[in-house]
Amino acid sequence: MREILRSPPGIAGTVLLMLVAGAVLLGPWIAPYDPQAFHTTVRLQGPSWAHLLGTDQFGRDLLSRLLHGARSTIAFGLGATALGVAAGAVIGVTAGVVGGWVDSVIMRILDGLLAVPDLLFTLLIVTVLGGGTGHAMLAVAVAFTPGMARIARSSVLSIRTREYVLAAVARGESRGYIIAREVIPNAVGPIIVEATIRVSFAIMIGATLGFLGLGAQPPSTEWGLMVAEARQFMFRNPWCVAVPGVAIAAAALGFNLFGDALRDSLDPRRRR
Amino acid sequence: MTDVPVLDVRDYSLRYATTAGPFDALRSVDLTVRRGRTLGLVGESGSGKTSLAWAIMRYLPANATELSGSIRLSGEDLRATSAREILGIRGRRISMVFQDPSTSLNPTIRLGDQLAEVLVRHRGLSPRAALEEGTALLARTGIARPADMMRRFPHEASGGEKQRVVIATAIACNPELIVFDEPTTALDIVTARQILDLFTRLREETGVAALYISHDLGLVSRIADEVAVIHRGEIVEQGACRDIFRAPARDYTRDLMAAVPRPDVRIGTPDPDPAAPALIDLSGVNVRYGEPSPLMRLLRPSRTVVQGARDVSFAVRPGELLGVVGESGSGKSTIAKVLAGLQDFSGTVAFGGRRFAGRKAFDREYRRRVQIVFQHPDGSLNPRQRVGEILSRPLKLYGLVPAAGLDQKIADLLTKVRLPPDFATRYPHQLSGGEKQRVAIARAFAAEPDLVICDEITSSLDVSVQAAVARLLVALQRETGTACVFITHDLNLVRQLAHRIVVMHRGDLVDQFATGDARAPDRHPYTRTLLDAVPTLVMAET
């Protein structure tokens with residue numbers, strides 16, 4: 001952790017993530033208004049003392065909506081990444097450990113899937129499964145799986161030929177012990193780091209799906225959906241698009257910077 | 001007479017800023033190299049010898065601070081020169097030859113172009129003239145078909161050929177000084193010897209001054225006029241080569257010299273009973289790498305198979321230490337992997353009255369009785385496990401001690417390899433290279449084996465640590481009566497330790513003899529080449 005705070009990007013990422021975490025944990029309590037309450041007299045207003053970030057087309061307080069929406073937006077990013085990483089890690093570790101033709105077949109299939117862009121892949125899955133937050137999360141997780149599997153596999157392959165693993169093989173250790181105690185603990189570093197960076201992608205894809213009306217449904221306060229709903233009124237009050245937009249960007253940037261700093265701090269070659 | 005030395009380093013100190021605080025890499029270093037002379041700079045890893053080379057080349061990392069002193073090249077202070085002027089000095093007046101020719105050449109540029117580049121840049125030759133001059137330079141370094149070599153890419157040349165190209169580049173502009181940073185360490189014994197001969201010849205021809213950095217005292221004693229011994233950033237002793245090696249004044253130099261393996265001083269255990277039945281007996285062991293599958297054979301029938309070991313047969317008696325020597329790629333590590341059950345093979349291995357016909361036939365009993373210690377102590381210990389856990393594995397796996405006695409047994413093992421028992425709670429990265437290798441040895445001996453395979457266990461260690469590890473191994477052998485297959489390229493060391501030696505060359509076992517007969521006239525010609533190539537410490541008899 002101290003290593004992360006040594007670099008300016010690491011500090012920036014940590015600060016952004018703390019802001020986001022504050023919104024996720026305390027959002028509903030510190031929000032000044034009910035996020036769904038209509039204030040019909042002050043529709044589409046810019047920032048004022050009564051409404052710090054302005055109001056949307058129904059006169060709902062944007063700050064309150066933002067604070068309430070943090071939870072579902074971040075939960076979506078974390079949930080989708082966790083599912084994708086778990087599935088990818090299992091597939092990747094299996095391919096890396098078993099090797100031979102199993103590895104070849106798995107990797108060629110994954111190569112095919114990787115050729116499809118993440119967003120397109122997600123859209124395809126959502127189209128098949130139908131919309132909604134749960135399905136969107138599943139779709140993002142599935143889209144992430146091939147990439148994570150690749151990383152997990154290459155990480156396992158580089159560890160598998162280390163001499164301490166050979167020493168365990170020469171000792172006659174069981175395969176389970178070698179994988180669980182010798183290979184995995186040393187292979188997780190790159191997987192964890194990639195996962196933190198992926199959270200930002202998940203948030204962005206989630207927001208995109210919300211924007212397209214395929215993720216969270218109104219009156220949810222999910223940030224992507226907030227942008228989508230406010231789109232028509234963008235020219236009358238740019239704040240109602242900018243506020244959730246900036247929030248998405250800040251959260252994504254926070255995870256990205258933090259992930260980069262985490263990667264640097266875990267890599268002994270980058271340490272001085 | 002105004003005899004200005006080519007290189008004159010005075011009171012030079014260098015400090016690195018690290019996350020662990022400031023680190024003094026060089027402390028008040030004084031060095032002088034005169035025209036046509038070679039100064040050997042000897043030190044262990046981390047002693048600051050490479051930092052000094054970079055300081056002379058004016059190529060220091062951003063976290064380095066120069067605290068004091070001057071570096072003068074023929075009287076001109078290099079610390080005072082601007083970055084622009086340095087570009088004109090590097091390559092033209094000072095050049096450098098690096099340790100590993102496979103990484104110091106750009107793999108995407110033809111050798112000839114890399115050599116000609118220096119000539120175009122510093123001597124202003126036209127590209128065509130530079131190529132011609134380059135060919136002539138290559139011819140001087142003893143390359144048989146220089147014009148042909150100029151057109152090749154680095155991967156099409158051998159290590160020795162590449163190092164010749166690097167040396168040709170270094171002498172291309174008739175520099176005043178050449179810095180050699182361990183130029184033979186990455187090469188095979190025989191090739192290294194040829195490069196050394198080339199170095200000596202070129203020095204006589206060109207009269208260039210040289211700073212020769214090395215950890216190998218034996219080698220430096222052969223080629224240097226003067227020697228400086230560096231220890232933790234300080235020059236502890238400096239003087240004429242002959243004087244220092246005859247009568248070292250400082251304890252550190254004396255310890256360093258005592259650690260250099262000398263084939264005439266035996267430290268091994270007494271010879272085992274020659275009549276005893278063999279403990280392990282290899283017969284007709286073959287290893288083939290890259291064997292194509294039946295499908296691949298149909299698709300690409302011409303695919304080449306590399307023969308790692310060809311029809312290798314030898315035996316080891318109980319308590320014996322068998323040395324296996326050869327260059328890299330000779331198949332000695334392949335044999336280690338076969339014995340440790342890490343490599344598929346054909347042929348038979350007979351051990352303890354049982355015969356095994358392949359890797360899969362080895363059972364847990366065999367694997368307990370035959371243990372392996374690897375070359376790199378950094379790689380052979382799991383970085384996420386504490387030393388105690390690492391040592392407990394073989395004990396638990398083979399059920400050698402009851403759970404209650406585990407901690408005591410680990411403490412005993414650590415004491416046995418001369419490490420404090422509280423090391424059990426440390427992680428490998430908190431240990432030095434020598435300490436890590438001791439832990440690896442302790443792990444092998446924890447299984448109470450009958451045979452320990454040591455695959456180059458001393459080659460990545462410093463000379464002084466090397467000697468201590470070798471002595472430890474012999475002491476353990478004496479205590480436990482364990483036999484050992486000691487694989488190394490260090491002929492001096494193996495002649496101190498081994499009872500018998502086998503020599504491997506390109507997968508074949510070419511020679512097999514008792515250590516005392518190493519110089520006997522009926523040795524295989526290749527054995528003789530190897531023995532002649534190794535530099536031993538030149539020392540006046542005391």
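In which sense do strand S9 (residues 226-231) of chain B and S10(B) pair, and over how many bridges? They pair in the antiparallel sense over 6 bridges, where pairing requires that DSSP finds at least two bridges between two strands. This is a predicted model, in which local features need pLDDT of at least 70 and side-chain atom pairs count only at pLDDT 80 or more, while totals for chains, interfaces and linings use all residues. Residues are numbered from 1 along each chain as its sequence is written, and chains are lettered from A and ligands numbered from 1 in the order in which they are written.

**The open sheet of chain B**
- The strands S6-S7-S8-S3-S9-S10 of chain B form, in that order, an open sheet of 6 strands with mixed pairing; strands (E, at least two residues) and helices (H or I, at least four residues) are DSSP runs, numbered from the N terminus.
- Strand S6 (94-97) and strand S10 (234-240) of chain B are the edge strands, each pairing on one side only.
- On average, neighbouring strands of this sheet are turned by 15° against each other, direction ignored, with axes being lines fitted to C-alpha atoms, for helices over the stretch in contact, and angles running from 0 to 180 degrees between N-to-C directions.
- Helix H11 (residues 251-259) of chain B packs on the sheet and touches S9 and S10 of chain B, its direction making about 100° with that of S9(B); contact here means that C-beta atoms, placed from the backbone, lie within 7 Å.

**Strand S4 of chain B and its partners**
- Strand S1 (residues 7-18) and strand S4 (residues 64-73) of chain B pair in the antiparallel sense over 8 bridges, and B:Asp8 stands opposite B:Arg72 in S4(B).
- S4(B) also pairs in the antiparallel sense with strand S5 (residues 76-77) of chain B, over 2 bridges, and B:Glu76 in S5(B) is the bridge partner of B:Leu73.
- The hairpin of S4(B) and S5(B) has 2 residues between the strands, and B:Ser74 takes a positive phi near 45° there.

**The contact between chains A and B**
- Chain A gives 15 residues to the contact and chain B gives 20 residues.
- On the side of chain A that touches chain B, H6(A) provides the largest share, 7 residues.

Definitions and conventions:
Two residues are in contact if their C-beta atoms, placed from the backbone, lie within 7 Å.
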